Amino acid sequence: MIIVQKPEQTSGQETAITMGFFDGVHSGHKELIQRVLKSAEINNLKSAVLTFWPHPRLVLKKDPEKLRFLTTLNEKWKIISRLNIDYLIIQEFTPSFYNLEPEDFIRYLVKNYHMKYIVVGSDHRFGKEGKGDATLLRKLGKEMNFTVEVVEQLSVDSQHISSTKIREALLNGNIEKANIMLGYPYFLTGTVESGKQLGRKIGFPTANIRPNDPLKLIPKEGVYAVVINIGNEIKFGMLNIGFRPTVDTFQKQTIEVNIFDFDKDVYQENIEVAFIKRLRNEKRFPSIEHLKDSLVKDKEDALNALKDQKKESLQNLFLTLRPVKE
């Protein structure tokens, strides 16, 4: 896959394109991408995914402080790179780009990327003020000689899959619903930082995680059963998101993971964590001993939740989050 930031990088090849922000690259997004791959093969075109960066809300200053991503740009391109797409087009989103009329935006794609086929979701909007839709695309396709394919939204339990619904599920602690819509376990990538080492003193040493991107969405506070990739080892563990009310008085959220059967110094190492199941809310315990007793039970619950996880398939998940060797 070639990451494209300038049209000339496609060498004038005719393309089949799908476009959107693709936050999470969820099951619905992958359906669009598979349709592009199929149409490109049938019509002897190059396949392309066009995404935008930065996020429009950051550029337009629409509550940017509330914006959180399911996938960072780096995570997004690594996932897409495993789907056999020829080009990932990263279109810089600027105020002037936002003000392009829908017709002008499509002319831009036809002229610069020689677009011959486009796949969009039935609810997709584009161009200034989101005025462009599937009806307009079909009209422009006849005028500019490209084919339009409109795909209905995928559903889970009668709910359409969307990045917004996945964010809501994660913030409500419904990790299993989010994972079904994503098509893979929600993950977090970060760096291990040193902490107070209180967990080590009670037999549950933890690695403190600093997310690689401050805009990455953090799921609801609580204890989770997780799978970890650390030092190219796949391990099981349990993770706590919260404020450690039993041992701390300051109000700073932490992300701490206890890695089972693991005792290595991993400070400043990269770490990847896949969320499998939420076990319980964070609690304040009357004593450290009560906390320790709960952690014993949490570990038992986590191992039970993880017993059917196949490390081989999870290895493939984590591999999608690493750079592709050219």
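Reader: In this predicted model, which helix gives the most to the lining of the largest pocket?

Author: Helix H1 does, with four residues, and helices H1 (27-43), H2 (56-60), H4 (95-98) and H7 (163-171) each supply at least two residues of that lining.

Reader: What makes a residue part of the lining of a pocket, and which ones are closest to the centre of the largest pocket?

Author: A lining residue has an atom within 4 Å of a point of the pocket; 39 residues line the largest pocket, and the closest to its centre are Gly20, Phe21, Phe22, His124 and Arg125. The space in this pocket is about 1200 Å³, and its lining divides into 17 nonpolar, 13 polar and nine charged residues.

Reader: How do you know that strands E5 and E6 pair?

Author: Two strands pair if there are at least two bridges between them, and five bridges join E5 (residues 115-121) to E6 (residues 147-151), which run parallel, with valine 119 standing opposite glutamate 149 in E6. Therefore E5 and E6 count as paired.

Reader: Why are E3 and E4 called a pair?

Author: Strands E3 (residues 46-53) and E4 (residues 87-92) are joined in the parallel sense over six bridges, where at least two are needed, so the term applies; tryptophan 53, for instance, has glutamate 92 in E4 as its bridge partner.

Reader: What makes E1 and E6 the edge strands?

Author: In the open sheet of six strands, ordered E1-E4-E3-E2-E5-E6 with parallel pairing, strand E1 (2-4) and E6 each pair on one side only. The twist averages 25° from one strand to the next.

Conventions
Residues numbered from 1 in each chain as written. Predicted model: local features only at pLDDT ≥ 70, side-chain atom pairs only at ≥ 80, totals over all residues. Heavy atoms only, no water. 1 Å grid on protein atoms, 1.4 Å probe; cavity = no way out; pocket = protein on both sides within 12 Å on 5 of 7 lines; lining within 4 Å. Points joined across faces, edges and corners; volume = space filled by probe spheres on them. Nonpolar A, V, L, I, M, F, W, Y, C, P; charged D, E, K, R; others polar. Axes fitted to C-alpha atoms, helices over the stretch in contact; angles between N-to-C directions.
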